[in-house]
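Below are a few numbered notes to read beside the model.

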Amino acid sequence: MPRKRGEFVVQERQVEDILATFTDITARLLGIFLPLRLLARQLALPDGSRLDLLFAAGRKLLLVELKVEACRKEFIRQ
């Protein structure tokens, strides 16, 4: 799809870079009030898919799957 003048495209990788680097921003976006620790990026799962980001917050694990487009049913399954 062609871009309109003045529009810019945000890539998923750019969002992932920011969330992985600035975990304080990520915590605020997720409503977490504990420090986040990044455990993995692009973690390969047994079914062959990949998890974008894996964080630890206290004793909880937070799995983050990013999309930079409108939500579709297959995203929910993922």
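Does glutamate 16 count as buried or exposed, and at what relative accessibility? The first point below takes this up.

Some ground rules first: this is a predicted model, in which local features need pLDDT of at least 70 and side-chain atom pairs count only at pLDDT 80 or more, while totals for chains, interfaces and linings use all residues. Residues are numbered from 1 along each chain as its sequence is written, and side-chain values use heavy atoms, with hydrogens and water left out.

1. Glutamate 16. This residue counts as buried, at 2% relative accessibility; buried means under 20% relative accessible area, exposed over 50%, and partly exposed in between, with a 1.4 Å probe and protein chains only. Glutamate 16 belongs to helix 1 (helices are DSSP runs of H or I with at least four residues, strands are E runs of at least two, and both are numbered from the N terminus). Setting aside neighbours within four places in sequence, glutamate 16 is in contact with Arg41, Gln42, Asp52, Leu53 and Leu66, where contact means heavy atoms within 4.5 Å.

2. The inward side of helix 1. Glu16, Leu19 and Ala20 are the buried residues of this helix. Viewed down the axis of helix 1, they fall within an arc of 95 degrees, so they line one face of the helix; the arc is taken from the directions from the helix axis to the C-beta atoms. These buried residues pack against helix 2, strand 1 (36-44) and strand 2.

3. The structure holds 6 salt bridges, each defined as a side-chain nitrogen of Lys or Arg within 4 Å of a carboxyl oxygen of Asp or Glu. One of them links arginine 13 to aspartate 17, with the closest N and O atoms 3.6 Å apart. These two are 4 residues apart in helix 1 (residues 12-21), which puts about one helical turn between them. Arginine 13 is partly exposed, at 46%, and aspartate 17 is partly exposed too, at 32%. In helix 2 (residues 23-30), arginine 28 and aspartate 24 are also 4 residues apart, about one helical turn, and their salt bridge has its closest N and O atoms 3.7 Å apart. Here arginine 28 counts as exposed, at 61%, whereas aspartate 24 is partly exposed, at 46%.

4. A further pair and a network. Glutamate 65 and lysine 67 meet through their side chains in a salt bridge of 3.2 Å, N to O. Elsewhere, salt bridges that share partners join Arg13, Glu16, Asp17 and Arg41 into one network.

5. Alanine 56 has leucine 61 in strand 3 as its bridge partner. The two strands form a hairpin with 2 residues between them, and glycine 58 in the turn has a positive phi of about 65 degrees.

6. A nonpolar patch. Ile18, Phe22, Ile25, Leu29 and Leu30 make a nonpolar surface patch of about 460 Å². Patch residues have over 30% relative accessible area and no salt bridge, with like charges joined within 9 Å and nonpolar side chains (Val, Leu, Ile, Met, Phe, Trp, Tyr) within 5 Å. Helix 2 gives the largest share of the patch, 3 residues. Leucine 30 lies in helix 2 and counts as partly exposed, at 42% relative accessibility.

Notes:
Two strands pair if DSSP finds at least two bridges between them. Accessible areas come from the Shrake-Rupley method with a 1.4 Å probe; for residues, only the protein chains shown count as cover.
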